Amino acid sequence: MEKRKRVLVKFSGEALAGDNGFGIDTSILKFIADEIKSLVIHNIEVGIVIGGGNIIRGVSAAKDGIIKRTSGDYMGMLSTVINSIAMQEALEHVGMEVRVQSAIKMEAICETFIVRRAQRHFEKGRIVIFAAGTGNPFFTTDTAATLRAIEIGADMIIKATKVDGVYDKDPKKFPDATKLAELTYDRAMDDNIKVMDDTSIALAKDNNLPIVICNMFAKGNLQKIIEGNLESCSIVR
Ligand code: UDP
């Protein structure tokens with residue numbers, strides 16, 4: 001049997017929030033669930049990591065010094081669990097089989113991350129959502145997504161954003177900004193580009209994991225990428 005493609009899709013927490021930037025908008029959850037479903041129907045194995053920025057980020061929680069950074073980060077990791085449970089519901093609502101695996105044990109809510117168990121879920125056609133980041137403070141969910149992508153042997157990580165790729169400068173500020181179809185890992189770390197934080201890009205570089213940056217709100221985009229059509233995104237490799 002031909003080996004199935006496996007991808008890790010990363011969404012920021014903010015992507016789940018409606019226009020107010022906070023909380024979870026179920027119509028967005030449903031949109032994402034349908035996009036992911038179209039991949040699974042086409043025989044793709046899908047892992048998901050969702051950020052927590054729509055609920056809390058460690059750095060912001062700790063900014064006035066009342067909450068310690070490490071505690072803020074644990075609060076941030078817990079918010080990714082909230083988002084993951086919501087995403088699991090939306091995916092089940094559209095008929096998918098899903099398991100949430102947390103980096104921090106919380107057995108009443110979800111499974112604990114065990115890579116071999118995740119592999120088994122993929123083989124059975126289940127979607128696996130990796131929650132609670134890396135389980136360590138001072139990391140981001142981009143790093144968690146890169147780490148999980150490598151651990152599960154994903155063919156690529158798709159960073160789903162609100163923009164259709166990477167530009168040489170901020171397209172909102174500079175009308176002459178041009179989109180970069182392909183860039184190196186080193187370029188991706190440039191201050192004015194920064195597709196993800198340095199830790200995650202370095203990890204991807206060390207392990208030759210391609211990073212695709214695309215607009216998650218364009219219907220059918222994820223499917224196009226899997227089929228090798230990279231027109232409406234950027235790729236770091
Ligand atoms: N976080 C952490 N360790 C991790 C992943 C996340 O401490 O491995 C915390 C950190 O406080 C972060 C928050 O969880 O700010 C939410 O994640 P992130 O900011 O990456 O979410 P996104 O910006 O993608 O919504």
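**Exercise 1. The largest pocket**

Task: State the volume of the largest pocket, then describe its lining by residue, by element and by class.

Solution. The volume of the largest pocket comes to about 1100 Å³. The structure is a predicted model.

Step 1. The lining consists of 42 residues, and those nearest the centre of the pocket are Lys10, Ser12, Arg57, Asp142 and Lys159.

Step 2. Two or more lining residues come from each of helix H1 (13-16), helix H3 (58-61), helix H4 (69-93), helix H6 (141-151), strand S6 (156-161) and strand S7 (166-167). H4 gives the most, with 5 residues.

Step 3. Sorted by class, the lining of this pocket has 14 nonpolar, 16 polar and 12 charged residues.

**Exercise 2. The surroundings of Met196**

Task: Locate Met196, decide whether Met196 is buried or exposed, and list its contacts beyond four places in sequence.

Solution. 

Step 1. Met196 sits in the loop between helix H7 (185-188) and helix H8 (198-206).

Step 2. A residue under 20% relative accessible area is classed as buried. Met196 has a relative accessibility of 3%, so Met196 counts as buried.

Step 3. Leaving out residues up to four places away in sequence, Met196 touches Asp142, Thr146, Lys159, Ile201 and Ile211.

Step 4. For a distance within the chain, take Pro175, which is 21 residues from Met196 along the chain; their C-alpha atoms are separated by 23 Å.

**Exercise 3. The sheet**

Task: Give the strand order of the open sheet of 9 strands, identify its edge strands, and work through the pairing of S1 with S2 and of S3 with its partners.

Solution. 

Step 1. The order is S4-S3-S5-S2-S1-S6-S10-S11-S9, and the pairing is mixed. Strand S4 (111-112) and strand S9 (182-183) pair on one side only, which makes them the edge strands.

Step 2. Strand S1 (residues 6-11) runs parallel to strand S2 (residues 45-50), with 6 bridges between them. Phe11 has Ile50 in S2 as its bridge partner.

Step 3. S3 is joined in the parallel sense to strand S5 (residues 127-131) by 5 bridges, with Arg99 opposite Val128 in S5. S3 and S4 also run parallel, joined by 2 bridges; here Gln101 is the bridge partner of Glu111 in S4.

Step 4. Of the 5 residues of strand S3 (residues 98-102), 4 are buried, so this strand is largely enclosed by the rest of the structure.

**Exercise 4. Cores and cavity**

Task: Find the residues with the most contacts to other members in the largest nonpolar core, then describe the lining of the largest cavity.

Solution. 

Step 1. The largest nonpolar core has 42 residues; Phe11, Ile36, Val46, Ile48, Met87 and Leu91 touch the most other members. Helix H2 (residues 26-41) gives the most to this core, with 7 residues.

Step 2. Take Leu91 in detail: not counting residues up to four places away in sequence, Leu91 touches Ala33, Ile36, Ile48, Met96, Val98, Ile127 and Ile129. Another core of 26 residues lies apart from the largest one and includes Val49, Ala118, Phe122 and Ile213.

Step 3. The structure holds 1 cavity of 30 Å³ or more, and the volume of the largest cavity is about 30 Å³. Its lining is formed by Phe11, Ile32, Glu35, Met216 and Leu222, which divide into 4 nonpolar, no polar and 1 charged.

Key: Residues numbered from 1 in each chain as written. Predicted model: local features only at pLDDT ≥ 70, side-chain atom pairs only at ≥ 80, totals over all residues. Heavy atoms only, no water. Buried < 20%, exposed > 50% of the residue type's maximum accessible area, 1.4 Å probe, protein only. Contact = heavy atoms within 4.5 Å. Core = buried A, V, L, I, M, F, W, Y, C linked by side-chain atoms within 4.5 Å. 1 Å grid on protein atoms, 1.4 Å probe; cavity = no way out; pocket = protein on both sides within 12 Å on 5 of 7 lines; lining within 4 Å. Points joined across faces, edges and corners; volume = space filled by probe spheres on them. Nonpolar A, V, L, I, M, F, W, Y, C, P; charged D, E, K, R; others polar. Pairing = 2+ DSSP bridges.
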